Amino acid sequence: MPLKMVDKKIEETESVQSGGVISDARLVEAARKGDDSAFGELVLRYERRLIRVIIQFVKSPELAEDLAQDTFLKSYERLDQFDTSRRFGPWLFRIGVNQALDHLRKQKRRGWWLLFSESPSDTPFDPAVPDPRNKLDINQEVQAILEEIPEKYRTVLVLRDLENFSTSEIAAILDRKEATIRWRLAEARNRFQKLWSNRQNAENSMSNKES
């Protein structure tokens, strides 16, 4: 497969009220009543992970930090809309992901291929057979393929296979049913695989004609 399909369960992000640790729901309630330190605690709990998620979309650390700050500002302004019977993390990440996608749309750029330009140990694609071309060539191919995959599928692919969110977490972040997320993920992987195979076959055919 051209993509490594990471299938490990992520460590729970939410904090619970045990051992003296105040739950997210309690902190939200306190923040609603004007306790800025309570919201500050929520920022501390989620800032690093939020930036890491956003950077998967925009790839710029500085921009990711700016969008994360915008996300916290929006979430603070919308605290009254948050249902404390639900988990705070997915609600926050939903705002953050939307911020990132909105930015990409406004800039009319789709830098998805940069997701695959990390160090070799972090490279999420994995050709089935050794490829003699250099890493940049492969990254360019990945970029071209991802450009052909609709955003709703790419988003699920990034959240699941790069950020390792569970299906239930992605469903909460994107406000969709888990069955929808599973279908979109399968569709995204299938589309990528087919596009990759078609591209390889076309290049092999061209190489055979030239030789």
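How many aromatic pairs does the structure hold? The structure holds ten, where rings of Phe, Tyr and Trp (its six-membered ring) pair if their centres lie within 6.5 Å.

## Basis of the model

This is a predicted model, in which local features need pLDDT of at least 70, side-chain atom pairs count only at pLDDT 80 or more, and totals for chains, interfaces and linings use all residues. Residues are numbered from 1 along each chain as its sequence is written, and side-chain values use heavy atoms, with hydrogens and water left out.

## Aromatic pairs

A pair of aromatic rings is described by the distance of the centres and the angle of the planes. Planes under 30 degrees apart count as stacked, over 60 as edge-to-face and the rest as tilted. Phe82 and Trp91 form a tilted pair, at 5.0 Å centre to centre and 45 degrees between the planes. Phe88 and Trp91 are also tilted, at 5.7 Å and 50 degrees.

Phe88 and Trp91 lie three residues apart in helix α4 (residues 88-107), and are therefore separated by about one helical turn. Helices are DSSP runs (H or I, at least four residues), numbered from the N terminus.

## Burial and clustering

Phe82 and Trp91 are both buried, that is, under 20% relative accessible area with a 1.4 Å probe and protein chains only. The relative accessibility is 1% for Phe88, which is buried, and 13% for Trp91. Ring pairs link Tyr46, Phe82, Phe88, Trp91, Phe93 and Phe165 into a cluster.

Technical notes: Buried means under 20% relative accessible area, exposed over 50%, partly exposed in between (1.4 Å probe, protein chains only). Helices (H or I, at least four residues) and strands (E, at least two) are DSSP runs, numbered from the N terminus.
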